[in-house]
Amino acid sequence: MKTLPERIILIGFMGSGKSSVGRILADRLGYELVDTDALLEERAGAPIAEIFRAQGEPAFRALESEVLRAVADRRRSVIATGGGAPAHPPNRDFFTRGDAIFHLRVSLETARERAGEKADRPLLAQDPEAVRRLYQGRQPVYEELGQSVDTDGRTPAAVAAEIMRLLRSPRRNLLPEESG
Ligand code: S3P
């Protein structure tokens, strides 16, 4: 196997499965799972929905950036990030440092279905048109920053297995257009 990266970062829209896939990957690799949403809630002592309600999104984003800075140098870690983190410009450095970044690609329909199982995402509770705009605005950012892996119709274990294959691939560091 190629030398493994110290950090494997998972990005993607809400409901893409970052935490579930991250858990499996971390177990397989013997890495620590760092879930930035969970860390943020722990530090703030409040659930994310409550932070949005009481302090608003800008306060949430500031906390999220602090958490990313705090975990940026963790070693042997799989870092599952919140869906909005890559689209927030102050976090740019975190996502462009050359760590292995995988974008868990999910259709908006599947994201809605999966998120329906978990009712604590304030940004998905907006009207459907606003959610669609958010989704469409973020896709190019995710595609640019990470290597995309499809998740629709696949279990977290299948997605994790594909990432393991990509990590072992000798072409891991090549851009897709250079690999053909
Ligand atoms: C958000 C995604 C959530 C959480 C917060 C904001 C977003 O994380 O950070 O509700 O802006 O997309 P998940 O992607 O883990 O649901």
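## How the angles are defined

Helix axes are lines fitted to C-alpha atoms over the stretch in contact, and angles run from 0 to 180 degrees between N-to-C directions. Two packed helices are described by the angle between their axes and the distance between the axes. The model discussed here is predicted.

## H6 against H7

Helix H6 covers residues 108–115, and helix H7 covers residues 128–145. Their axes come within 11 Å and cross at roughly 120 degrees. H6 and H7 are therefore oblique to each other. The crossing of H6 and H7 is right-handed.

Which residues make the contact? On the H6 side they are Leu108, Glu109 and Arg112. On the H7 side they are Pro128, Val131, Arg132 and Tyr135. By class, this contact of H6 with H7 holds four nonpolar and three charged residues, and no polar ones.

Ser107 sits in the loop between strand E4 (100–105) and H6. The side chain of Ser107 makes a polar contact with the side chain of Thr110, at 3.0 Å. Setting aside neighbours within four places in sequence, Ser107 is in contact with Tyr135 and Asp152. Tyr135 also belongs to the H7 side of the contact with H6.

## H2 against H4

Helix H2 spans residues 36–44, and helix H4 spans residues 57–71. Their axes come within 10 Å and cross at roughly 110 degrees. An angle of 65 to 115 degrees counts as roughly perpendicular, so H2 is roughly perpendicular to H4.

H2 contributes Thr36, Asp37, Leu39, Leu40, Arg43 and Ala44 to the contact. H4 contributes Phe60, Leu63, Glu64, Glu66, Val67, Leu68, Ala70 and Val71. By class, the residues of the contact of H2 with H4 are nine nonpolar, one polar and four charged.

## H3 against H4

H4 also packs with helix H3 (residues 48–55). The angle is about 130 degrees, and the axes are 7 Å apart. That makes H3 oblique to H4.

Ile48, Ile51, Phe52 and Gln55 of H3 meet Glu57, Ala59, Phe60 and Leu63 of H4. The residues of the contact of H3 with H4 are six nonpolar, one polar and one charged. Phe60 and Leu63 of H4 meet H3, and Phe60 and Leu63 are also among the H4 residues in the contact with H2.

## Ligand surroundings

How many residues are around the ligand, and which come nearest? There are 13, and Lys18, Asp37, Arg61, Arg121 and Arg138 come nearest.

An oxygen atom of the ligand lies 2.5 Å from a side-chain N or O atom of Lys18. For the side chain of Asp37, the distance from an N or O atom to a ligand oxygen is 2.7 Å. Asp37 is also one of the H2 residues in the contact with H4. With Gly83 the backbone is involved: an N or O atom there lies 2.8 Å from an oxygen atom of the ligand.

## Leu33 in strand E2

Leu33 lies in strand E2, residues 32–35. Leaving aside neighbours within four places in sequence, Leu33 is in contact with Ser19, Gly22, Arg23, Ala26 and Val78.

How far is Leu33 from Gly56, 23 residues apart along the chain? Their C-alpha atoms are separated by 27 Å.

Definitions and conventions
Residues are numbered from 1 along each chain as its sequence is written. This is a predicted model: local features need pLDDT of at least 70, side-chain atom pairs count only at pLDDT 80 or more; totals for chains, interfaces and linings use all residues. Side-chain values use heavy atoms; hydrogens and water are left out. Helices (H or I, at least four residues) and strands (E, at least two) are DSSP runs, numbered from the N terminus. Angles under 35 degrees count as roughly parallel, over 145 as roughly antiparallel, 65 to 115 as roughly perpendicular and the rest as oblique. A crossing is left-handed if the near helix is turned anticlockwise from the far one by less than a right angle, and right-handed if clockwise. Contact means heavy atoms within 4.5 Å. Ala, Val, Leu, Ile, Met, Phe, Trp, Tyr, Cys and Pro count as nonpolar, Asp, Glu, Lys and Arg as charged, and the others, Gly among them, as polar. A residue is near a molecule or strand if one of its heavy atoms lies within 4 Å of it. A polar contact is a pair of N or O atoms within 3.5 Å; within protein, one must be able to donate a hydrogen and the other to accept it, and residues adjacent in sequence count only if both atoms are side-chain atoms.
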